Amino acid sequence: TKWQKSPGSRMPVPLGKLVLFTSMTSGGCALVYYLIQKTFSRASYYQLALEQLHSHPEALEALGTPLNIHHLQLTDKYNFVDIANAQLKIPVSGSKSEGHLYASSSRDAPFKRWHLEEVFLELKDGEQIPVFKNSGENGNEVKQEQR
C-alpha cells in the first residue's frame, strides 16, 4: 500500500497505529491519575481528616446525607504534601450542600505518625465550620470543635 505524505511529515503513520498509541498513552495517564488518588485516599493524614468530619454532627448536618467524598483536584495548589507537612482540600458533598474539607497535618520526622493540626469545612456559600483544631503543644492533646 502506498502512503501519501503530508508536507513536512517524515514518514507515514497508519491511522490504526496512531489511534492505538494515543489510547495507550491516555490510558496510561488515567492509570497514573487513579493510582495517585488511591495513594492519597489511603494516607493517614487524609483518613484522619475524614474521621473528624464523620464524627462532627454540625458539619454532617450542613452537608446532608449521604456524604460523598470526591477525588482531590491534583492541580489545585492548596494540595501539598512533603516529608513533614500535608495540606489537603478534599471535595465533599451531601444532599443539602457541597464544599471542601481543608486539612493540615504534620509529623516530627519521616516514618513518624501524622498529627492533625486543623480541619475545617467550607461550604459552597462560603460558610466555614471548624471541625478540629490541635490544642496541645505536644500534638497529643486534641479537641473536636463544637458549636
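Helices (H or I, at least four residues) and strands (E, at least two) are here DSSP runs, numbered from the N terminus. On that basis the chain holds three helices and seven strands, which run α-α-α-β-β-β-β-β-β-β from the N terminus on. This is a predicted model, in which local features need pLDDT of at least 70 and side-chain atom pairs count only at pLDDT 80 or more, while totals for chains, interfaces and linings use all residues. Residues are numbered from 1 along each chain as its sequence is written, and side-chain values use heavy atoms, with hydrogens and water left out.

- Of the 147 residues in the chain, 31% are buried, where buried means under 20% relative accessible area, exposed over 50% and partly exposed in between, with a 1.4 Å probe and protein chains only.
- In helix α2 (residues 44-54), the buried residues are Tyr45, Tyr46, Ala49, Leu50, Gln52 and Leu53. Seen down the axis of α2, these residues fall within an arc of 155° and so line one face of the helix, the arc being that of the directions from the helix axis to the C-beta atoms.
- Not counting residues up to four places away in sequence, Tyr45 touches Phe40, Val81, Ala86, Leu88, Ser105, Trp114 and Leu116, a contact being heavy atoms within 4.5 Å.

**Surface**

- The chain exposes about 10000 Å², of which carbon and sulfur atoms supply 56%; accessible areas come from the Shrake-Rupley method with a 1.4 Å probe, and for residues only the protein chains shown count as cover.
- Val32, which has its place in helix α1 (residues 15-42), counts as partly exposed at 46% relative accessibility.

**Backbone features in loops**

- Thr65 and Pro66 are joined by a cis peptide bond with omega of about -5°, and Pro66 is placed in the loop between α3 and β1 (68-69).
- Phe111, in the loop between β4 and β5, has a positive phi of about 70° although it is not a glycine. At 84% relative accessibility, Phe111 counts as exposed.
- Most residues other than glycine have a negative phi, and most peptide bonds are trans.
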